[in-house]
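Hi,

Here is the structure I promised to send over. Have a look at it first, and then read my notes below.

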Amino acid sequence: MNESDFPDDPLDALLLANAPEPLPDGGFVGRTMTAVDQAERARATQRRTTPVAPIVIARALAAEHRRHEAQARLWRWAVAGVVAGFALLVAAVALSPDDSVTVAAPAPQQWYPLCLLLAFGAVWYAWRESRRN
Amino acid sequence: MQFDATAHAQAQIAGWLARARQGDRPAFARLVQSHQSRVRLQLRRLTQGDAALADDLAQETFVQAWLHLNDFRGDARLATWLHRIALTRFLQHVRRPQLPLEWNAPEASAADEPGHDPRAAEGLTRDVERALQSLSEIQRLAVVHCFHLDLSHAEAAQVLGLPLGTLKSHLDRAKSRLRELLGAWNPESAT
C-alpha cells in the first residue's frame, strides 16, 4: 500500500521492517462491543419521544376550556340578539295603535349593504380565529 | 496471489460493512476485530505509549464509528476513516484543534552523539525507535502513518488533515533526518 519516492531506498525497507507487531485482541473487541451496546441503548432512549409534563397538559386543557367558553358566550349573545330583535319586531307590530306598522320584506337590492356588513364580519371573525390558533 | 488475498480481504470488509450498516452487530464486531490492531497502534503512538489511554480512545473511536456508520460514504478505505476518527478523538482528548506543524526541536539523545553505532547492543529496532523519537511530532506521525499503518501517502495526508504536498515534504525531511541519525547503519550487513 505504501508508495515511496525511492522504491529501492534501504531506509524505507528498514522502516517497514521495524513496524510494530500487530496487537492481539486481548478482550478489546468484547469490551468495545459492550460499549457499542451501551451507546446504542442510550441513543434509542434519546430517540424516544419525551413525555409531556402534567403541568403542560393542564395548562393546555385550561386554555382550551377558556376558548370554548368564549365561543359559547359569543354564540349565546348572538342567539339572544336575534331573539330580542324578533321580539322587538313582534312587539312593534302588536303595539302599533292604528296598525300602521306592518311587516314587509324589503326589495333584494336593499339587502346588499347588510350582506356586505355580514361578509366583512365573517372575514374579521375568521381572521381573528386563525390568529388565535 | 497477494493481490487475490488483499482483494478477498477488502471484499470481506465491504460485506461486513454493508451488514453492519443495517444494524448487524456481529458484522461490526468483525470489523472491529480486523481494524483494532492498527487503530490501537496509531493511538499508542499518539499517546506516547500510554496503552490504557490508547485503548480507551480506540474504544471510543469504534463506538463513534458505529454511531455514524451511515455517514461513511465509502470514498476512502474504512481504515482511513477509522484512523481519522481516532486522530480526532485524540485531539479532542488533549484539547488541541490540530496537529502542530512547526518543527519541534528534538531533545538530544544517545543516537545524536557522534560516533554512536546503531548496531550496538540495544539493537536496530531500538535505534530506529529512538531515531523516530528525535523527529518532530508531525514528521514522526507522517512516518508512522505511511510505514507502520500501511497507508498510502494520500491516505496518510487525509488522516492527518494535511495537503498531500505538505505530507510528502514532512516525510522527506523526516527521512533526511533519519538518514543522518541512522547513518552508521549498513543495510548490506543487516540483510
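Before the first number, a quick word on buried area: by this I mean the accessible area, taken with a 1.4 Å probe, that two parts lose on being put together, summed over both. Please also keep in mind that this is a predicted model.

Let's start where the chains meet. Chain A and chain B bury about 3400 Å² between them, and carbon and sulfur atoms account for 66% of that area. On the chain A side 32 residues are in contact, and they touch 38 residues of chain B.

What about polar and charged pairs across that interface? The rule finds two salt bridges between chain A and chain B, and there are eight residue pairs in polar contact, with both residues at pLDDT 80 or more. As for where the chain A residues come from, helix H1 (10-17) and helix H2 (28-47) of chain A each supply at least two residues of the side that touches chain B. H2(A) gives the most, with eleven residues. Sorted by class, the chain A side has 18 nonpolar, four polar and ten charged residues.

Over all chains, a search of the whole structure finds eleven salt bridges.

Now for packing inside chain A. The axes of helix H3 (residues 54-95) and helix H4 (residues 112-132) of chain A come within 13 Å and cross at roughly 170°. Angles over 145 degrees count as roughly antiparallel, so that is how H3(A) runs relative to H4(A). Which residues meet there? From H3(A) they are A:Arg67, A:Gln71 and A:Leu74, and from H4(A) they are A:Tyr125, A:Arg128, A:Glu129 and A:Arg132. That contact divides into two nonpolar, one polar and four charged residues.

Chain B has a helix pair to look at as well. Helix H6 (residues 137-148) and helix H8 (residues 164-181) of chain B pack at an angle of about 95°, with their axes 8 Å apart. That angle makes H6(B) roughly perpendicular to H8(B). On the H6(B) side you'll find B:Ile138, B:Gln139, B:Ala142, B:Val143, B:Cys146 and B:Phe147. They meet B:Leu167, B:His170, B:Leu171, B:Arg173, B:Ala174, B:Lys175 and B:Leu178 in H8(B). By class, this contact has nine nonpolar, two polar and two charged residues.

Cheers

Key:
Residues are numbered from 1 along each chain as its sequence is written. Chains are lettered from A and ligands numbered from 1 in the order in which they are written. This is a predicted model: local features need pLDDT of at least 70, side-chain atom pairs count only at pLDDT 80 or more; totals for chains, interfaces and linings use all residues. Side-chain values use heavy atoms; hydrogens and water are left out. Contact means heavy atoms within 4.5 Å. A salt bridge is a side-chain nitrogen of Lys or Arg within 4 Å of a carboxyl oxygen of Asp or Glu. A polar contact is a pair of N or O atoms within 3.5 Å; within protein, one must be able to donate a hydrogen and the other to accept it, and residues adjacent in sequence count only if both atoms are side-chain atoms. Helices (H or I, at least four residues) and strands (E, at least two) are DSSP runs, numbered from the N terminus. Ala, Val, Leu, Ile, Met, Phe, Trp, Tyr, Cys and Pro count as nonpolar, Asp, Glu, Lys and Arg as charged, and the others, Gly among them, as polar. Axes are lines fitted to C-alpha atoms, for helices over the stretch in contact, and angles run from 0 to 180 degrees between N-to-C directions. Angles under 35 degrees count as roughly parallel, over 145 as roughly antiparallel, 65 to 115 as roughly perpendicular and the rest as oblique.
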